[in-house]
There are 2 protein chains.
Amino acid sequence: MLNQTFASMLNEKDVIFEIFQYAQDKAKIVGAENILDFSLGNPSVPAPVSVNDTIKSIVDTCPPLALHGYSPNRGLPEVRAAMAEDLNRKFGTHYTMNNIFMTQGAAGALAHAFRAVAAPGDEIITFAPCFSEYKPYTAGAGLKLKVVPADISSFQINFDAFLGMLSPRTAAVLINSPNNPSGVVYSADTIKKLAGILEEKQLEYGHPIYLISDEPYRDIVFSGVDAPYPAAFYANTLTAYSFSKSISLPGERIGYLAVNPEAEDAGKIIEICPQISRTIGTNQTGTLMQRTVAEVCGDTADLSVYEKNEKLLYEALTSYGYECVEPDGTFYMFPKAPGGDAFAFCDKAKELNLMLVPGDIFYCPGHFRIAYCVPTERVERSLPVFKQLISM
Amino acid sequence: MLNQTFASMLNEKDVIFEIFQYAQDKAKIVGAENILDFSLGNPSVPAPVSVNDTIKSIVDTCPPLALHGYSPNRGLPEVRAAMAEDLNRKFGTHYTMNNIFMTQGAAGALAHAFRAVAAPGDEIITFAPCFSEYKPYTAGAGLKLKVVPADISSFQINFDAFLGMLSPRTAAVLINSPNNPSGVVYSADTIKKLAGILEEKQLEYGHPIYLISDEPYRDIVFSGVDAPYPAAFYANTLTAYSFSKSISLPGERIGYLAVNPEAEDAGKIIEICPQISRTIGTNQTGTLMQRTVAEVCGDTADLSVYEKNEKLLYEALTSYGYECVEPDGTFYMFPKAPGGDAFAFCDKAKELNLMLVPGDIFYCPGHFRIAYCVPTERVERSLPVFKQLISM
């Protein structure tokens, strides 16, 4: 018989897919060029040229059997060493290859992190607004996800609510900065305060509370913004990284889990990651892409369009009267929905061929997400529609 | 705290790794060229030239954003269509792209198959000798693996024992033909008999029993051998395939799950596969490799060395007095261990620098596995050692 846990997931409303489907249907009527789609977080700039040059060079020069041969179960040693060096160069950290586990993007890194430091029945705490997939990610590991309500004034952390949700069953705290969907970066003050609370609660509960830092947008930070590296503030930090956004490789499924060398059981966590892989069918990630990112990990795609779009949108929307915390990075913005009902607002926008996502699916009603990883001319064409919507 | 389920897996004896480690240590003393390593199932022939040509051509010609862009959650439509066509051409089947789910190798396909058609507490039956990883694969899905003892006279199915193990909790039966470690292909008679029993038991239990057919060695079949396609014999068949062995791409983690269009709930099974992915951190497999296998799926690596090695080894070993069911394909052979104790025999072999794997880890004591995916000259150098061992 079919597994009812998974079959029943098909009955859940898939809000983003429904918007995507609506946009496709509407495009047939009004023409695709007239759809102002801001619904999906797909990079809109291609990978840097260095990526494709590197792929071809590896194919031409790597010994044939090694080229597509099995990777050791933690990833290729030279690739793990390159990831450690890149982190150390950027953040002054002290990772070695023994702290790195190569994964299928950040999703793969989180799948291993959750299973490594928590057991079924344990609790993971995260903060609204947050990525909707954290729910199935944690549920799949048998964990309970508790979502701290947003501090909508800043999209930093609502510490009062957080303190009320910590318990001896808290195995880990999950953060995502720069944040999807708010675009906000957690300040050094926020991370210090969070680290202080976790240090205290670890002592009180008598067991480590790991900080799992989901960082796919780490390299998309706008000029003048200081984006602190969470692992530098808290020893028990596991960092999930992906090359999907920074070098526009979302389809290649490549990233890593970095375990702070100062974390409790740091060595053991990396050792058990391959054991976890054995139970979820992920026996390492592609060797060609591993070798590629080892060469290009210092590069980024041309991310300047995201900042340009952000400035355009933020200035225009606030001048029209929208309330919005200004993003520090990513390619998302999360304004308040005029009228307060995000679903109603996004429905109105849809009728004007503008595709937005209601904040409810990010555990933060009353807001909507704009994914401005789109050509700038689309942003420009959207502005009159945003203006019209706030006066409707 | 660390997850003890996974941490305790580190305490299990990893027999193959220990042999590998012993070989590495011994190589430092006697020289790597003097180690006769037959322990690992790594392809020894490179991928066909068409693979690398295709990769470079895709990198040069695919539109930049599509090239490394997100894949739909079932895989790229044109790739799924190519897989279906390839199967139909080879086996006269009637798959469409809607029956194909792209995965990270056969391991990824099995991870989805188990979770799709079974729920925690259900039973999966498989047949010794079998791949040792079936245990963690099923355990990770909360399933109980029951292993039917081997029919050591033929390495076909021990049907009497099988009938005694079927129960209403049997959700699926897992087969692997051509088989690791025996190299044997299940005959049409075996598959027909198996299908007949499953048809009958489905009626008796009032629920489907799916046949999960793990086929990474499907294309490595020796001349004169007829290798029947299991899905052609039984409607409720899910086929797990990998390009790891047939075109020597083990490190690229690419394969698929094919659901027989005549299977009960065939459409629903494919629909729920992406829901499963959401819970185990595998959001599709790399787009570049998907596009590559769509182009080269009709090719194979030069697999002739495996058959050449098989003939050499089989003739020599049987002439020395080893008892062995002759392999029909793969690059494995599974003779009886002289003396009956496979660990003792493999230990003796190790002392002579010959690395073999005891059958106990494949649920079939008293035998040992030779992985002859090695250069033929290594096979030739091993023959005097095999001769010496049987007379010790």
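Figure 1. pLDDT is the predictor's confidence in each residue, on a scale from 0 to 100. In this predicted model, chain A has an average pLDDT of 96, and 100% of its residues score at least 70. For the complex, the predictor reports an ipTM of 0.96 and a pTM of 0.97. Chain A is superposed on chain B by a rotation of 180 degrees, with 0.0 Å of shift along the axis and an RMSD of 0.0 Å; the superposition is by least squares on the C-alpha atoms of residues with pLDDT of at least 70 in both copies. The two copies are therefore related as by a two-fold rotation axis. The same surface serves both copies, since 100% of the contact residues of chain A recur in chain B, where contact means heavy atoms within 4.5 Å. Residues are numbered from 1 along each chain as its sequence is written, while chains are lettered from A and ligands numbered from 1 in the order in which they are written. Local features need pLDDT of at least 70, side-chain atom pairs count only at pLDDT 80 or more, totals for chains, interfaces and linings use all residues, and side-chain values use heavy atoms, with hydrogens and water left out.

**Figure 2. Helix α12 of chain B and its packing partners.** Helices (DSSP runs of H or I, at least four residues) and strands (runs of E, at least two) are numbered from the N terminus. Helix α12(B) comprises 17 residues, 304-320. From first C-alpha to last it reaches 25 Å, close to the 24 Å expected at 1.5 Å a residue; the expected span is 1.5 Å times one less than the number of residues. Residues B:V305, B:Y306, B:E307, B:N309, B:E310, B:L313, B:Y314, B:A316 and B:L317 of this helix are buried, meaning under 20% relative accessible area, with exposed over 50% and partly exposed in between (1.4 Å probe, protein chains only). An α-helix has 3.6 residues a turn, so residues three or four places apart point the same way. The buried residues of α12(B) pack against β9 (332-333), β12 (368-371) and α14 (376-390) of chain B. Just after the helix, B:G321 adopts a positive phi of about 110 degrees.

**Figure 3. The open sheet β9-β12-β11 of chain B.** Three strands, in the order β9-β12-β11, form this open sheet with antiparallel pairing; two strands pair if DSSP finds at least two bridges between them. The edge strands are β9 and β11 (357-358), each pairing on one side only. Between β9(B) and β12(B) there are 2 bridges in the antiparallel sense. B:Y332 has B:A371 of β12(B) as its bridge partner.

**Figure 4. The enclosed strand β3 of chain B.** Strand β3(B), residues 123-127, is largely enclosed by the rest of the structure, because 5 of its 5 residues are buried. Both faces are covered, with B:E123, B:I125 and B:F127 on one side and B:I124 and B:T126 on the other. The strand runs parallel to β4 (144-148) of chain B, to which 5 bridges join it. B:F127 stands opposite B:V148 of β4(B).

Figure 5. Most residues other than glycine have a negative phi, and most peptide bonds are trans. The bond from A:A128 to A:P129 is cis, with omega near -5 degrees; A:P129 is placed in the loop between β3 (123-127) and α7 (134-139) of chain A. A:D265, a residue other than glycine, has a positive phi near 60 degrees. A:D265 belongs to the loop between β8 (255-259) and α10 (266-280) of chain A and is partly exposed at 40% relative accessibility. B:R253, likewise not a glycine, has a positive phi of about 55 degrees. B:R253 lies in the loop between β7 (237-242) and β8 (255-259) of chain B and is buried, with a relative accessible area of 6%.

**Figure 6. Surroundings of A:N99.** A:N99 occupies the loop between α5 (77-91) and β2 (100-103) of chain A and is buried at 8% relative accessibility. A polar atom of the A:N99 side chain lies 2.8 Å from the backbone nitrogen of A:T96. Not counting residues up to four places away in sequence, A:N99 touches A:H94, A:L257, A:A258, A:V259, A:P261 and A:I270.

Note on methods. Polar contact = N/O pair within 3.5 Å; in protein donor to acceptor, adjacent residues only side chain to side chain.
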